[in-house]
Amino acid sequence: MCGIVGYVGKRPAIDILLKGLKRLEYRGYDSAGVAFFSRGKLEVRKSQGKLENVERLMDGSSELFADAHCGIGHTRWATHGKPTTQNAHPHRAGHVVIVHNGIIENYQEIKAELISRGHKPESETDSELFGFLVLEAMEKGQDLVTAVRTSFAHLEGACSVVVMSEREPGKVVGVRNGSPMAAAFDPQGGAILASDAQPILEYTKEVIFLENGDVVVGTEKGLAFFDLKTGAPLDRVGEILDWSVDKIDKGGFPHFMLKEIHEQPAALVDTLNGIMDRVKTNPFPLAAQPGADLLRTAKEITFVACGTSWHAALLGKYWIERFARIPVNVELASEFRYRDPVLAPGALVIGMSQSGETADTLAVIRDVKKRGFKTLGLTNVRGSTLSREADAIFYTSAGPEIGVAATKTFTTQMLAVLLWAGYLGIEHKAPRTSPAGTPNAKPISFEELFHEIVKLPHQIKECLDDPQGMITAVRSAAKQLQNIKGFFFIGRGFSYPIALEGALKLKEIAYVHAEGYAAGELKHGPIAMIDQDMAVVVLAPQDSWRDKTVSNLEEVKARGAKIVAIGGTHDQNLKNLSDFWIPLPAQKDESLLPFLMTAAVQMLSYELALLKGTDVDKPRNLAKSVTVE
Ligand code: M6R
């Protein structure tokens, strides 16, 4: 789970590498480094900590890199060995330098063999060893590409590497085998390689996503592709991406996270337009596509996901069960893959992953495919592994999300599963029934529901622009609660997944202990934690569960907790019970309330993180795409 960039061509390489690494920092940022050719010799500059440390190392050595037109760079998320300068990439072995993303599972064996043959690895990493394998192969007379290929055959595990050698200056050789890699022709002559398309987009929109088992060779002349096992030349075709560079800059916001929270309305519109065929007049007019057939014919659905994507999947369960009356399971991919899970005949397994690269989610998709089940993917990244490996794919159109905390990718995932739920409700002619326990609540028709969904982006924008005072209230609560010992987020029904997500966001970016709980579960243990030093964020919008959640509020209030209530603008009773009151605009259908609540909990964690002074976009110990299990 690291970021890799490689460049060869006419442009100044260091500039491209540093800019590219900046765009990939979301993948890991506990150390970084670059290697480049200067007057035919390889130079390496690396440092623990953020990329700025490497930039500082480059200051004052302009004579060294002024003529550098070929190099590789890396930003790391430590797996094997601490995040130190010594363990930072690139790693050098004689005339070879390498950067690596992923895991070499048999590294201990390889290390022992290399040491027995007289090599002296200097780092604690698995990565460094690959350089020695390439060095040995070249010493035996192999050219760089062959040496990379034959050395790669010794590795077990999923990873990607990019390699250069002083013996063949001006050549960058990459391998994709598990961890993602993209490549592009530089229109000015030359080639760029990277872990994803973001470092490339500034130079060209035509990007080639490597397949597993591809070798790519970049030279001043451009790119060539070969099969890793046989060495046979391959044809690879580029895709034109519509992500623009301004979408990957901060655009005037202090943090990417805040920008991405504010981009949610546009991201929702784009996602809706991407999934629906709006020319059709029926409600939930899902565009005809293979994924729609898989959904329609599924007897049962099992979602597999991790983290925030798992929360969106949980909402998917609630919505699909309510609207379509199809059984839905939601599984943590990391648990599912190591159990002996039973799937019903005709079950559809849906992998949800904004990055499309989460190792555990991908492992489940591969495994159930082997067992003969149909798989569907929902991801934000075109060309990602999930998009290639699932039987069919749906995309959210959130655009690039740089902040490590998932925000717009979460709400767009929510929208996608809600649209599926409506589509399936219509396909299965499911009756619109009143929610359990509220026989008098009149459900709106699918037509009306769809019309209300279309209004959501505008309503979220209104919340974020703050005329109703939601953000002001969030800010004030954050200010007064900044020193509180810990938080519970509680909710029932559709609010429960948002309670989980609110707590995750707070832990992730503000490093404050927080737990998301089904409000009805508090009294089964966690209420023992409640005292005047705890805050409880109560998600009690105007829905079928409101009164029950308010009873739970009373229980924690009686034990001294500070109450942050998020509920209907006119809910005076709830307001009176709370210490901090966050008003939520009403919705015609309760199933849409999670979107607005999400904006509130996202902003609460953002404001608390600001007050705590944490690195909002790059929280400690995390990386955006978790390509290790
Ligand atoms: O790329 P994925 O959606 O598969 O990522 C899964 C989790 O790592 C991710 O959702 C994580 O929990 C979020 N970054 C939290 O904000």
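Is Lys369 buried, partly exposed or exposed? Lys369 is partly exposed, with a relative accessibility of 35%. The legends below take up this residue and several others in a predicted model.

**Figure 1. The whole protein.** The predicted model holds 20 helices and 25 strands. Its radius of gyration is 26 Å, close to the 25 Å that the globule rule gives for 629 residues, so the protein is as compact as a globular protein of that length. The C-alpha trace spans about 80 × 50 × 45 Å along its principal axes. Of the 629 residues, 62% count as buried. Take the contacts between residues at least 6 apart in sequence: 70% of them join residues at least 24 apart.

**Figure 2. The salt bridge of Asp391 and Lys369.** Side chains of opposite charge can pair when their charged atoms come close. Here Asp391 pairs with Lys369, and the closest N and O atoms are 4.0 Å apart. Lys369 belongs to helix H12 (residues 359-370), while Asp391 sits in the loop between helix H13 (385-389) and strand S20 (392-395), so the bridge ties together parts that are 22 residues apart in sequence. Asp391 is partly exposed, at 35% relative accessibility. Why does Lys369 count as partly exposed? Its relative accessibility is 35%, and partly exposed covers values between the 20% limit for buried and the 50% limit for exposed.

**Figure 3. The salt bridge of Lys82 and Glu124.** The side chains of Lys82 and Glu124 meet at 2.8 Å, N to O. The two residues are 42 apart in the chain, and the pair links distant parts of it. Lys82 lies in the loop between strand S4 (70-76) and strand S5 (91-93). Glu124 lies in the loop between helix H4 (107-116) and helix H5 (128-139). Lys82 is partly exposed, with 49% relative accessibility. Glu124 is partly exposed too, at 35%.

**Figure 4. The salt bridge of Lys588 and Glu448.** Lys588 and Glu448 join their side chains in a salt bridge of 3.9 Å, N to O. This pair links distant parts of the chain, 140 residues apart. Lys588 is in the loop between strand S25 (580-584) and helix H20 (593-612), and Glu448 is in helix H15 (residues 446-465). Lys588 counts as exposed, because its relative accessibility is 55% and the cut-off for exposed is over 50%. Glu448 is partly exposed, at 33%.

**Figure 5. A network of salt bridges.** Which residues are linked in this network? They are Asp15, Lys19, Arg23 and Glu202. A search of the whole structure finds 35 salt bridges.

**Figure 6. Helices H8 and H15 side by side.** Helix H8 (residues 264-275) packs against H15 with the axes 8 Å apart, at an angle of about 170 degrees. H8 is therefore roughly antiparallel to H15. From H8 come Pro265, Leu268, Val269 and Leu272. They meet Ile453, Pro457, Ile460, Lys461 and Leu464 in H15. What kinds of residues make up the contact of H8 with H15? There are 8 nonpolar residues, no polar ones and 1 charged.

**Figure 7. The surroundings of Ile16.** Ile16 is part of helix H1 (residues 13-24). It is buried, with a relative accessibility of 4%. Leaving aside neighbours within four places in sequence, Ile16 is in contact with Tyr7, Arg11 and Tyr203. Ile16 and Gly71 are 55 residues apart in sequence, and their C-alpha atoms are 9.2 Å apart in space.

Note on methods: Residues numbered from 1 in each chain as written. Heavy atoms only, no water. Helix = DSSP H or I, 4+ residues; strand = E, 2+ residues; numbered from the N terminus. Buried < 20%, exposed > 50% of the residue type's maximum accessible area, 1.4 Å probe, protein only. Axes fitted to C-alpha atoms, helices over the stretch in contact; angles between N-to-C directions. Parallel < 35°, antiparallel > 145°, perpendicular 65-115°, else oblique. Contact = heavy atoms within 4.5 Å. Nonpolar A, V, L, I, M, F, W, Y, C, P; charged D, E, K, R; others polar. Rg over C-alpha atoms; globule rule 2.2 N^0.38 Å.
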